[in-house]
Every structure is written in structure tokens, then in C-alpha cells.
Amino acid sequence: MATPTAPQGKTERIRTMFNGIALRYDVVNKLMTLGIDRIWRKTTVRKVASHSPKKILDVAVGTADLSIELRRQCPEVEQIIGIDISEGMLKKGEEKVARSGADGIKLEVANCEALPYETEMFDTVMCAFGIRNFEHLTQGLSEMYRVTRPKGLIAVLELSVPQHPLLRLGYNIWTHTFIPFVGFLVARDRTAYNYLPQSVRKVPQYEQFTILLEMVGYRNVGYKKLSGGIATLYYAEK
């Protein structure tokens with residue numbers, strides 16, 4: 001008699017899901033955001049650049065878009081280490097880094113909830129569209145805090161649900177119909193892109209997320225709504 005397979009935890013489910021959609025992830029991402037995600041990243045990079053960091057950790061780096069954009073705008077940055085649990089996404093990211101000609105970017109497999117780095121090692125820790133995928137959010141944020149140097153910066157870019165009723169209505173239509181349709185059409189994976197709106201709604205947003213940042217030790221916490229609240233940039237100092 002076969003031994004029953006233990007159910008996967010969220011971390012393993014996320015790894016499997018992103019490995020499955022890695023090849024078409026960038027195409028679907030551009031289609032479902034209509035390219036606005038690049039503007040959001042540039043806003044995040046400007047915030048990071050204002051602190052003149054030299055060594056940066058990019059958590060849930062994905063296919064390395066944020067790291068590449070930061071390297072393009074801030075050549076004075078000495079090193080960017082990007083981590084992710086998905087080998088497929090990292091492979092795609094390494095290809096993009098090579099094509100971009102950006103140096104000083106190193107991509108590694110690592111779990112955000114147990115970062116393999118020394119305490120107070122990075123001037124800035126950043127994360128774009130990855131927070132909602134953490135299995136244990138407080139643990140992940142605590143690890144990000146641990147590896148941030150004193151007076152260093154955390155910058156988190158994440159999707160959010162608009163608070164304005166009309167914007168929220170449009171957002172609901174967009175996330176429940178358009179995104180799953182594009183995900184199925186291009187990536188042949190409706191399940192992964194049904195997960196997206198569900199994960200956004202479950203993650204703490206706006207003031208609730210800033211409270212979490214304060215709980216793990218960050219100070220001078222703030223946030224900026226982008227595109228009416230479709231995305232939000234959170235920032236704080238250690």
C-alpha cells in the first residue's frame with residue numbers, strides 16, 4: 001500500500017507554481033499590468049537610490065527586473081544579491097542579467113525566512129511583488145530586518161486593493177477576469193493567475209503592513225500608493 005503524500009506547505013507550493021510559469025512570467029506580467037509595473041519599479045529604485053546604498057539584498061528577486069533597473073539607474077551600487085526559492089525564475093533572471101550587461105548582480109537560491117547572510121550585512125533590503133508569497137510573513141520581515149545595517153532601508157513594492165469604490169470595482173473586474181484569462185492564454189496556467197488576486201487580498205495592506213514593519217523593529221515607516229492604490233511602496237529605516 002502506497003504511503004500517502006504529505007500536503008505541501010505554502011513555500012513548496014509557491015516554488016512549484018513559479019517554476020511552472022517561469023518561462024512566460026515576464027510576458028504575462030507585462031500584459032496583465034499593461035507595462036505599468038515598470039513605472040512602479042522606477043519609483044522604488046528612486047526611493048532606494050535616495051539612501052545611496054552600496055550593498056543590496058533583493059528578496060524574492062524573481063526574474064531580476066528590480067535589480068536590473070536599480071543597476072541601470074545607480075551604477076555606484078557595488079553589489080546586489082538577489083534571492084528566490086524558484087530555480088526556474090532565477091534561471092530566467094540570470095539570462096536577463098547577462099543580456100542587460102549589468103555587472104555586480106548575483107542571484108542565489110535561498111528562503112526569505114532563513115536568510116543565509118550575516119547580521120547587518122546590507123545597506124538596503126528590497127522586495128518587489130514577493131511579500132504576499134511568504135509563508136510566515138513576520139518571520140520573513142524579521143529576517144530582512146536582521147540583515148539590514150543600522151540606519152539602513154527596507155523598500156517593499158507590493159500589489160494592493162484600491163480603497164476608492166470605483167477603482168476597487170475596476171480592480172475586481174481586472175483581477176477576476178482579465179488576469180486569469182491572460183494567464184491561461186499565454187502561460188496555460190489559470191490556477192497560478194487565480195492565485196494572484198487571492199494572495200493580494202490576504203496580505204496586510206497600508207497601515208496594517210506598516211504596523212508589521214514596526215513590530216519587527218523598523219522605524220520611520222511610511223508608504224506611497226501607486227496608480228490609485230493598485231500597488232503600494234512601503235519603506236522604513238532600521
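How many disulfides does the structure contain? In this predicted model, the count comes to zero disulfides. Because a disulfide requires a pair of cysteine sulfur atoms within 2.5 Å, the distances around individual cysteines account for this result: the sulfur of Cys 74 lies 18 Å from the closest cysteine sulfur, that of Cys 127, which is too far for a bond. Cys 127 is likewise in no disulfide, the nearest cysteine sulfur being that of Cys 112, at 7.6 Å. Both residues are shielded from solvent in the model, Cys 74 being buried with a relative accessibility of 4% and Cys 127 being buried with a relative accessible area of 0%.

Two or more lining residues are supplied by each of α1 (10–21), β1 (55–59), α4 (65–73) and β2 (79–84), with α1 giving the most, namely four residues. By residue class, the lining of the largest cavity divides into 16 nonpolar, seven polar and seven charged residues.

Turning to the open sites, the largest pocket holds about 310 Å³ of space and is lined by 13 residues, of which Lys 30, Arg 38, Asp 65, Glu 69 and Arg 72 are the closest to its centre. The elements that give two or more residues to this lining are α2 (25–33), α3 (36–49), α4 and α5 (87–100), and the most, four residues, come from α4. Charged residues number 10 in the lining of the largest pocket, alongside two polar residues and one nonpolar residue.

The second largest pocket has a volume of about 180 Å³, and its lining divides into six nonpolar, two polar and three charged residues. Helix α8 (residues 190–202) provides the largest share of this lining, with four residues, while the residues that line the pocket include Lys 10, Phe 134, Leu 137 and Pro 204.

Leu 212 is placed in helix α9 (residues 207–215) and is buried, with a relative accessible area of 13%. The C-alpha atom of Leu 212 is separated by 36 Å from that of Ala 98, a residue 114 residues apart from Leu 212 along the chain.

Note on methods: Residues are numbered from 1 along each chain as its sequence is written. This is a predicted model: local features need pLDDT of at least 70, side-chain atom pairs count only at pLDDT 80 or more; totals for chains, interfaces and linings use all residues. Side-chain values use heavy atoms; hydrogens and water are left out. Ala, Val, Leu, Ile, Met, Phe, Trp, Tyr, Cys and Pro count as nonpolar, Asp, Glu, Lys and Arg as charged, and the others, Gly among them, as polar. Buried means under 20% relative accessible area, exposed over 50%, partly exposed in between (1.4 Å probe, protein chains only). On a 1 Å grid over the protein atoms alone, a cavity is a set of points where a 1.4 Å probe fits but cannot get out, and a pocket is an open set with protein on both sides within 12 Å along at least five of seven lines; lining residues have an atom within 4 Å of a point. Grid points are joined across faces, edges and corners, and a volume is the space filled by probe spheres set on the points.
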